[in-house]
Amino acid sequence: MLAQLLSLLAILVITLAAYGLGRPVLRGLNVAGEDHLTNGVWSVAVGLVLGGTLLAMLGLVGLLDRTLIGVLSILGCLWGIGQIVHQRMLATLAGKPAPEPQPQTAPWAPPARWIRRTVLILAFAACGGSLIGALAPTTAGDALCYHLELPKTFLADHAIRFTPDSDNSTFPLLAEMWYTWALALDGPVAAGLIHWELGVLLGLATVLLATPIVSRPWAWLAGAVVVLVPGVSNQMTAPMNDLAFALMTTLSVAAWWRAVVAEESRGWFVLVGIAGGGALATKYLALVFALAVAVPTLWLVWRGRPRRRLVLQGVAVVSIVAVSFAGLWYVRAARHRGNPVYPFLSEVFAASDSPDRKIHETLPESKSPLGRNPVTMATAPWQVTMQPDRFGGRGHQLGVLFLAALPGLAFARRLRGLGILLAVSVVYATIWYLLRQNVRFLLPVVPMLSVAVVWVWIEVGRFPPLPRVVVGCLFGGVLVAFSIVALARCRDQLPVALAFESRDDYLSRSEPTWRAARLSNLIFGPKDHLLTQDYRAFYFDCRVTRESLYRRRVAYDRSVTDPRDFSRTLTEAGFTHVLLAENLNDQGIQYDPTLSRLTDAQLRENEADSMLQLGEYQFPDADGGLRRYRLVMLLR
Amino acid sequence: MIAPIDKSVGETGGKARTLHNARRVAASVLLSAKISNDRTARPISTWCAWLFAAWAAVVTTTYFAYMLGIVD
């Protein structure tokens with residue numbers, strides 16, 4: 001239980017430090033007079049962008065040290081506490097009441113109290129279920145492959161170094177900077193809790209987005225709908241970067257709405273830039289999202305002369321601020337790979353004879369299960385809802401509420417501001433359809449569509465009684481089901497989350513590479529170098545290189561003419577041991593057998609003084625694959 | 001004039017409060033929505049409402065059939 005509490009304490013320190021960084025920015029921009037929710041969400045989000053960027057700069061100059069990060073975090077945390085206490089004292093001395101949200105001017109009644117309470121309870125339950133999942137050590141493949149592996153490497157090297165055998169090492173890595181922060185203070189569970197917190201912030205950011213459109217009481221329901229989406233509650237259990245991306249895009253739209261549609265303070269443009277920069281620094285997909293926002297913006301510019309100057313000024317401010325925060329990742333990628341958006345657009349940036357052109361297609365057919373034609377485009381919402389397995393897996397699905405509710409917009413009245421959100425969503429979804437059809441890339445439109453769902457919900461109040469009851473029961477049933485799924489999903493993690501099971505035992509039964517990692521960590525030091533067939537590398541203390549990427553770069557297998565030279569070839573390249581992961585059935589990911597073939601060939605030559613097998617075990621993976629793992633030491 | 005009989009007189013306070021709350025919930029669900037100042041809030045036609053309800057029912061049922069493996 002102490003380990004869990006320390007992980008939660010680490011998150012609290014990070015959150016307070018982020019708040020301390022972000023609050024003065026809001027004050028300086030003159031948007032700090034808002035209600036507690038707006039101030040809190042924006043302060044933490046801006047602080048996370050600033051903190052992550054600061055860590056990136058420390059990493060680029062070789063100052064990424066755990067002690068330094070710890071000291072800065074404590075100072076930031078104390079500063080954040082000081083900010084909160086200072087505000088409270090000022091408010092008490094001035095005799096001012098706590099700032100309230102904007103007054104309720106909507107002509108429609110707020111939701112019935114029992115509906116609001118029920119939906120919020122369901123949302124809390126889903127957050128609670130995903131918190132259980134986040135308190136367990138992560139076993140998510142992508143997290144162990146690069147979201148946590150890269151931060152581990154950066155901390156070990158005290159710098160953000162370029163790793164040629166990792167395609168992800170030149171991605172925008174703002175979310176990974178937050179995980180670096182968490183790893184420095186605690187460990188992988190704290191990193192998982194960061195992503196959980198980002199999910200909660202996404203729900204709260206949706207409340208901010210929805211408030212000026214449907215009023216605050218209904219906005220809370222929009223936020224609840226977001227955290228109940230199966231893909232969101234699932235992502236909250238693992239340190240990925242999709243929720244970070246969705247949070248930043250939602251905040252950028254919310255701030256943009258305040259600046260352009262509501263024509264409030266110009267300071268909101270700076271916040272658009274910070275959130276937009278945060279999105280660009282998290283995923284390349286932000287470039288697509290920027291395009292989706294640009295389309296309705298251009299329409300506003302074309303439509304109304306009074307706003308034209310405001311919008312153009314705003315675009316300039318947003319661009320400068322966003323590039324200031326995100327530019328370093330694109331410059332880094334261009335420097336190391338010759339392509340600022342590597343591995344995408346290799347057809348444009350790579351040399352004509354470069355293998356990147358063939359390996360990294362921007363629009364591969366395999367990533368577009370629907371193909372690209374008008375018929376499948378029209379049926380895409382149905383297919384994505386009913387068969388999410390084809391689009392990245394059930395775990396990332398958006399659920400049925402949007403498909404069921406959004407056609408209700410046909411009878412709903414026009415609502416000021418909602419059209420803009422729908423326009424952004426439609427443009428983004430169209431580009432999604434044309435580029436890469438993975439359902440988790442649709443998470444940025446979930447908050448905007450949730451606002452539309454709530455508007456339909458409000459308009460259902462104009463139905464005759466019986467159909468209103470039917471629709472209410474259907475929507476309510478869907479939300480209850482999603483909440484139950486979020487709770488049930490994490491029952492396997494409940495013992496370790498509540499410390500009834502040790503983290504070691506949990507990983508031994510859940511994570512295929514854990515036993516090999518534990519053995520490797522006992523025998524080898526952090527300076528040793530493992531070549532592995534399995535893509536999951538985080539739990540190894542030493543440097544880890546994926547065999548498939550290494551072979552793609554240096555084609556080491558072609559230089560091995562005599563099986564007895566294989567071990568020497570690897571040791572001369574700096575490797576000290578290898579991890580073999582051989583498929584015993586035809587389910588799940590099928591690893592290329594080159595490494596195990598060459599290793600077995602040398603072992604058959606009875607070269608006992610060149611290789612030594614340290615351990616072997618079999619493990620049934622979550623993808624259905626049964627694999628044999630062998631850890632082999634290279635002696636010469 | 002004889003005042004109407006207050007039926008809650010004979011019941012205990014806690015039970016009366018629970019019954020009162022239950023009646024309020026049922027009324028808010030079943031009776032016409034009272035959108036306070038919304039003068040543009042004309043009721044939606046019955047056929048339109050049932051069409052939407054049917055759509056929502058079909059979509060939701062089909063979805064759960066897929067998720068539970070009843071439909072491939």
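**Chain A, chain B and the terms behind the labels**

Trainee: Where does Pro343(A) lie?

Mentor: Pro343(A) sits in the loop between helix 14 (305–337) and helix 15 (346–349) of chain A. Keep in mind that this is a predicted model.

Trainee: Which omega goes with the peptide bond from Tyr342(A) to Pro343(A)?

Mentor: Omega is near 5°, and the bond is cis.

Trainee: What is said of phi at Ser215(A)?

Mentor: Phi is near 80° there, a positive value in a residue other than glycine. Ser215(A) is in the loop between helix 8 (188–214) and helix 9 (216–228) of chain A.

Trainee: Why is the pair of Asp165(A) and Arg553(A) called a salt bridge?

Mentor: The rule asks for a side-chain nitrogen of Lys or Arg within 4 Å of a carboxyl oxygen of Asp or Glu. The closest N and O atoms of Asp165(A) and Arg553(A) are 2.6 Å apart. That is within 4 Å, so the pair counts as a salt bridge.

Trainee: What makes this pair a link between distant parts of the chain?

Mentor: The two residues are 388 residues apart. Asp165(A) is in the loop between helix 6 (149–157) and helix 7 (174–185) of chain A, while Arg553(A) is in helix 25 (residues 547–554) of chain A. Over all chains, the search finds 26 salt bridges.

Trainee: How many salt bridges cross the interface of chain B and chain A?

Mentor: Zero, by the rule. Seven residue pairs are in polar contact across that interface, both residues at pLDDT 80 or more.

Trainee: How do you know that chain B and chain A are in contact?

Mentor: Contact needs heavy atoms within 4.5 Å. By that test, 34 residues of chain B are in contact with 40 residues of chain A, so the chains touch. They bury about 3,100 Å² between them, 70% of it on carbon and sulfur atoms. Ile44(B), Phe52(B) and Tyr63(B) supply 23% of the area that chain B buries against chain A, more than any other three residues.

Trainee: Which elements give two or more residues to the side of chain B that touches chain A?

Mentor: Helix 1 (13–30) and helix 2 (46–67) of chain B. Helix 2 of chain B gives the most, with 16 residues. By class, this side has 22 nonpolar, eight polar and four charged residues.

Trainee: What makes Leu72(A) part of a nonpolar patch?

Mentor: Patch residues need over 30% relative accessible area and no salt bridge, and nonpolar side chains are joined within 5 Å. Leu72(A) is listed in the patch, so it passes that rule. Other members include Leu54(A) and Val61(A). Together the patch residues have about 690 Å² of accessible area. Leu72(A) is in helix 3 of chain A, and that helix gives the largest share of the patch, four residues.

Key
Residues numbered from 1 in each chain as written. Chains lettered and ligands numbered in written order. Heavy atoms only, no water. Buried area = accessible area lost by both parts, 1.4 Å probe. Polar contact = N/O pair within 3.5 Å; in protein donor to acceptor, adjacent residues only side chain to side chain. Nonpolar A, V, L, I, M, F, W, Y, C, P; charged D, E, K, R; others polar. Patch = residues over 30% accessible without salt bridge, like charges linked within 9 Å, V, L, I, M, F, W, Y side chains within 5 Å. Areas by Shrake-Rupley, 256 points an atom, 1.4 Å probe, with all protein chains shown as cover.
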